[in-house]
Amino acid sequence: LAELLRTRDSIEEICAELVCLISPAWRHPDWARARILLDGRECVSQAFDETRWGQSAAIVVNNRARGMVQVYYVREVPGSREHGPFLAAERKLLDAVARTLGEAIERREFETDNRRKAIILAQERNRLETILRGMGEGVVVSDTNDVVLMMNAAALALLDLPMREPIAANFLSLIADEEFRAAWRDPAESGEDFAKLDLRIGDPVKRALIASRTRIPELVQGEDCFVTILHDVTKEREIDQMKTDFVAAVSHELRTPMTSIKGFVRTIMQDPGMARNVRERFLTIIDE
């Protein structure tokens, strides 16, 4: 039985071969017949009609009976009337076979379930990584100690890093912006999220980013992780600066003519008897 459990792939194969090994182990092998009932399936050593000389042992898996291992004699054996057809050692052997088979089934089902869960987790992780890697925005997944677990290509480009994931590196060691590093640490110690934190790349600054961080419970292997999204706002900041510069330039350009206009208006208002030709010249200047 131990050899079968080690070398056979399926429980069905084990039962089909095991049932043929049971009968020869009994005291009267020529008259003994074995049967295994498991989950509604039946394996027999050879065809026989059920008799009154039988012994059964339950196959228990996870505290639930799933079947039986049975041995029958097709005829009454010598001495059976005084001591019964089966010896104590045979009954003990039958119990051991059923118990070992049940433990093997339980172990294999546990291993199969673990493999299935591992495959599902791997598929989910691959699907998640595929989605994150394909995003146009930068995505960084780090653990609660700021160790990088995943970083997509967009994040590498935005942070000006080599196109190779810095797995197991400390995320803050990749960032030169001291204000960002300090702002990251403060909420990280309490596990809080943050949104729209400025991150400047380069010295002088050549790229402006906005970072948003979210703590996601049990994201990777049952551990909490931080997912940080990086948005490139360089063009928006440039446009905002252009607007500011434009308003400043317009304000500066308007200051000189407005000063002249105010001066001429004040002069006209303070001199009601001003000569007509002088007033008209001042008004012409204001109009121009």
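Okay, one definition before anything else: when I say buried I mean under 20% relative accessible area, exposed is over 50%, and partly exposed is what lies in between. So glutamate 109, with a relative accessible area of 33%, goes down as partly exposed. We'll come back to that residue. And please keep in mind that this is a predicted model.

Let's start with the whole chain. The secondary structure comes to 8 helices and 9 strands. Of the 288 residues, 33% count as buried. The chain exposes about 18,300 Å², and carbon and sulfur atoms supply 53% of that area. As for contacts with a separation of 6 or more, 45% of them come from residues 24 or more positions apart.

Now, salt bridges. Side chains of opposite charge can pair when their charged atoms come close. How many salt bridges does a search of the whole structure find? The count is 17. I'll walk you through some of them.

Take glutamate 12 and arginine 41, whose side chains meet in a salt bridge at 2.9 Å, N to O. Glutamate 12 is in helix α2 and arginine 41 is in strand β2, residues 41-44, so this pair ties together parts that are 29 residues apart in sequence. Glutamate 12 is partly exposed at 40% relative accessibility, and arginine 41 is partly exposed with a relative accessible area of 40%.

Back to glutamate 109, as promised. Its side chain meets that of arginine 66 in a salt bridge, 2.7 Å from N to O. Here we have helix α4, residues 88-134, on the glutamate 109 side and strand β4, residues 64-73, on the arginine 66 side, so the pair ties together parts 43 residues apart in sequence. Is arginine 66 buried or exposed? Arginine 66 is buried, because its relative accessible area is 15% and the cut-off for buried is under 20%.

Next one: arginine 237 and aspartate 198, with the closest N and O atoms 3.0 Å apart. Arginine 237 is partly exposed at 35%, and aspartate 198 is partly exposed at 40%. There's also a network of salt bridges linking Arg35, Glu42 and Glu50.

Moving on to arginine 207. You'll find this residue in strand β8, which covers residues 207-220. Arginine 207 counts as buried, at 18% relative accessibility. Which residues does arginine 207 touch, leaving out those up to four places away in sequence? Among them are Ala157, Leu158, Asp160, Ile201 and Asp232. With aspartate 160 there is a polar contact between the side chains, at 3.2 Å.

Aspartate 160 is partly exposed at 37% relative accessibility. Its phi is near 60 degrees, a positive value in a residue other than glycine. Alanine 168 also belongs to the loop between α5 and α6, and alanine 168 has a positive phi of about 75 degrees although it is not a glycine. Alanine 168 is exposed, with a relative accessible area of 58%.

Over to serine 10, in the loop between α1, residues 2-7, and α2, residues 11-22. Serine 10 counts as partly exposed at 22% relative accessibility. Where does isoleucine 105 come in? Serine 10 and isoleucine 105 are 95 residues apart in sequence, but 9.5 Å apart in space, C-alpha to C-alpha.

Last stop, the surface. Phe246, Val247, Val250, Leu254 and Met258 form a nonpolar patch there, with about 470 Å² of accessible area together. Methionine 258 is in helix α7, residues 234-270, and counts as partly exposed at 44% relative accessibility.

Conventions: Residues numbered from 1 in each chain as written. Predicted model: local features only at pLDDT ≥ 70, side-chain atom pairs only at ≥ 80, totals over all residues. Heavy atoms only, no water. Patch = residues over 30% accessible without salt bridge, like charges linked within 9 Å, V, L, I, M, F, W, Y side chains within 5 Å. Areas by Shrake-Rupley, 256 points an atom, 1.4 Å probe, with all protein chains shown as cover. Salt bridge = Lys/Arg side-chain N within 4 Å of Asp/Glu carboxyl O. Helix = DSSP H or I, 4+ residues; strand = E, 2+ residues; numbered from the N terminus. Buried < 20%, exposed > 50% of the residue type's maximum accessible area, 1.4 Å probe, protein only. Polar contact = N/O pair within 3.5 Å; in protein donor to acceptor, adjacent residues only side chain to side chain. Contact = heavy atoms within 4.5 Å.
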